[in-house]
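Please open the model in your viewer and keep the sequence panel beside it. The stops below are meant to be selected one after another.

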Amino acid sequence: MSVDHQPGPAGSGERAFEHGATAVAHPNIALIKYWGKRDERLMIPYVDSLSLTLDVFPTTTTVRLSPGAPADSVTLDGSPAEGEPRRRVIAFLDLVRELAGRTEPAVVDTRNSVPTGAGLASSASGFAALALASAAAYGLDLDPTALSRLARRGSASASRSLFGGFAICHAGRGTGAAADLGSYAEPVSVPDFDPALVIALVDAGPKAVSSRAAMRRTVETSPLYRSWATSSEADLSQMRAALQRGDLDAVGEIAERNALGMHATMLAARPAVRYLSPATVAVLDGVLQLRADGVPAYATMDAGPNVKVLCHPADAARVAEAVRVATPGCSVVTARRGPGARLRTGAEQ
Ligand code: 2P0
């Protein structure tokens with residue numbers, strides 16, 4: 001699949017078509033996780049996070065201005081969006097309109113190629129595409145850093161999906177406007193490391209607890225949260241060094257322990273948040289067996305039961321086979337490093 005070595009998105013002022021724009025963005029998988037917000041309104045994370053943008057499951061979003069319409073219209077995968085997803089898109093459009101000094105309603109059409117809400121970061125690709133398309137449609141000319149701040153307001157992980165390859169989202173410091181300015185994503189240059197990520201889709205259904213609610217509960221009630229957040233800082237600096245060395249074993253070990261630590265904080269929340277299912281554990285056992293057999297393979301899991309296994313591209317077929325044996329019937333997709341978000345040109349509309 002295609003690999004785009006461009007470090008980031010084109011500015012939102014480029015290539016908008018008249019009264020509307022279409023953007024494409026890919027999901028990212030955090031190797032150092034974001035979990036918990038220190039400001040829920042501004043969507044400021046407690047911890048820095050570092051991710052790999054993938055080359056699979058893109059989201060394509062079109063935003064067209066509709067000056068005569070009574071309200072915004074939001075379509076998600078061909079059906080009218082309702083409830084929380086609709087509310088989040090409209091709140092995001094309100095923010096863009098406020099920044100642009102505009103008032104026109106919009107028609108938003110979003111198409112995901114990954115099951116929505118299944119812990120595969122559809123909100124990351126979704127809000128990255130919405131940020132880029134809506135900024136362009138409303139005439140906001142933002143550089144990639146400002147776009148990442150904007151995308152963060154939709155979903156903090158979306159700030160990272162604006163960039164191809166590896167990206168870091170800074171949690172920043174302070175409160176209010178200073179916190180907003182200090183929390184943004186940027187690419188991390190990792191020239192000589194291009195691993196594969198074997199994704200085990202053990203359950204494509206929507207999750208029982210939204211990541212937003214689960215984060216809040218974890219921060220408020222888990223006695224393990226602070227220690228995970230502190231250890232995550234050390235994980236991040238070790239991860240950066242391991243990436244620069246192109247050391248898959250170190251990258252994998254750090255990513256796996258960071259993810260398991262995040263899930264441990266959730267399991268200790270009151271009541272517990274448990275995203276990992278028996279199928280997840282079966283895949284984790286399969287990954288341990290691969291390592292025992294001499295195949296470097298390391299797992300990471302997000303707010304859902306699916307498992308992503310980091311490995312050398314040459315081992316991806318063997319890892320995929322081990323995953324299929326561990327969870328018969330599950331779909332397996334192998335991803336590589338993917339491109340940053342981009343606006344479609346007028347000719348592509
Ligand atoms: C991440 N996750 O770093 C972490 C790891 C899931 C586990 O970011 O509330 O949809 O919209 O900021 O970004 C998923 O949560 O949450 C997520 P909001 P988001 O990728």
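For the first stop a cut-off is needed: a residue counts as buried when its relative accessible area is under 20%, as exposed when it is over 50%, and as partly exposed in between. Bear in mind throughout that this is a predicted model.

**Stop 1: two positive phi angles**

Select F57, in the loop between β5 (49-53) and β6. Its relative accessible area is 12%, so F57 is buried, and its phi is near 55°, a positive value in a residue other than glycine. Most residues other than glycine have a negative phi, and most peptide bonds are trans. Next select D77, in the loop between β7 (73-76) and β8 (79-80), where phi is again positive, near 50°.

**Stop 2: a cis peptide bond**

Move to the loop between α8 (248-267) and α9 (278-292), which holds P271. The peptide bond leading from R270 to P271 is cis, with omega near 0°.

**Stop 3: the nonpolar cores**

Now colour the largest nonpolar core, which has 39 residues and in which V108, L130 and L150 have the most contacts. Two or more residues each come from β1 (20-25), β6 (59-65), α1 (83-100), β9 (106-112), α2 (122-137), α3 (144-154) and β10 (166-169), and the largest share, ten residues, is that of α2. Centre the view on L150: beyond its neighbours up to four places away in sequence, L150 touches F92, L95, V96, L99, A131, A135 and L142.

**Stop 4: the ligand surroundings**

Display the ligand together with the 19 residues that surround it, of which Y34, K37, S123, S155 and S157 are the closest. Which distances separate S123 and S157 from the ligand? For S123, a polar side-chain atom lies 2.6 Å from an oxygen atom of the ligand, and for S157 a polar side-chain atom likewise lies 2.6 Å from a ligand oxygen. An N or O atom in the side chain of S211 is 3.2 Å from an oxygen atom of the ligand.

From here select K37, which lies in strand β3 (residues 37-39). K37 is buried yet has no salt bridge, and the nearest side chain of opposite charge, that of E40, is 5.8 Å away. The side chain of K37 does make a polar contact of 3.1 Å with the side chain of Y34. Setting aside neighbours within four places in sequence, the residues in contact with K37 are M43, I44, P45, Y46, R212, M215 and V219.

**Stop 5**

Go to S51, found in strand β5, which is buried with a relative accessible area of 0%. Its side chain is joined to that of R160 by a polar contact of 3.1 Å. If residues up to four places away in sequence are not counted, S51 touches N28, I29, A30, L31, R160, G165, F166 and A167.

**Stop 6: salt bridges**

Finish with the charged pairs, for which the structure holds 14 salt bridges. Side chains of opposite charge can pair when their charged atoms come close. Begin with K33 and D302, whose side chains meet in a salt bridge at 2.6 Å, N to O. Because K33 lies in the loop between β2 (28-32) and β3, and D302 in the loop between β13 (297-301) and β14 (307-311), the pair ties together parts that are 269 residues apart in sequence. Both partners, K33 and D302, are buried.

Then compare E84 and R87, which form a salt bridge with their closest N and O atoms 2.8 Å apart and which both lie in helix α1, three residues apart, about one turn of the helix. E84 is partly exposed at 41% relative accessibility, and R87 is partly exposed at 44%.

The last pair to select is R102 and E104, with a salt bridge of 2.9 Å, N to O. Here R102 is partly exposed at 30% relative accessibility, whereas E104, at 18%, is buried. Returning to K33 and D302, select K308 as well: salt bridges that share partners join K33, D302 and K308 into one network.

Conventions:
Residues are numbered from 1 along each chain as its sequence is written. This is a predicted model: local features need pLDDT of at least 70, side-chain atom pairs count only at pLDDT 80 or more; totals for chains, interfaces and linings use all residues. Side-chain values use heavy atoms; hydrogens and water are left out. A nonpolar core is a set of buried Ala, Val, Leu, Ile, Met, Phe, Trp, Tyr and Cys residues joined through side-chain atoms within 4.5 Å. Buried means under 20% relative accessible area, exposed over 50%, partly exposed in between (1.4 Å probe, protein chains only). Helices (H or I, at least four residues) and strands (E, at least two) are DSSP runs, numbered from the N terminus. Contact means heavy atoms within 4.5 Å. Lys and Arg count as positive and Asp and Glu as negative; His and the chain ends are not counted. A salt bridge is a side-chain nitrogen of Lys or Arg within 4 Å of a carboxyl oxygen of Asp or Glu. A polar contact is a pair of N or O atoms within 3.5 Å; within protein, one must be able to donate a hydrogen and the other to accept it, and residues adjacent in sequence count only if both atoms are side-chain atoms. A residue is near a molecule or strand if one of its heavy atoms lies within 4 Å of it.
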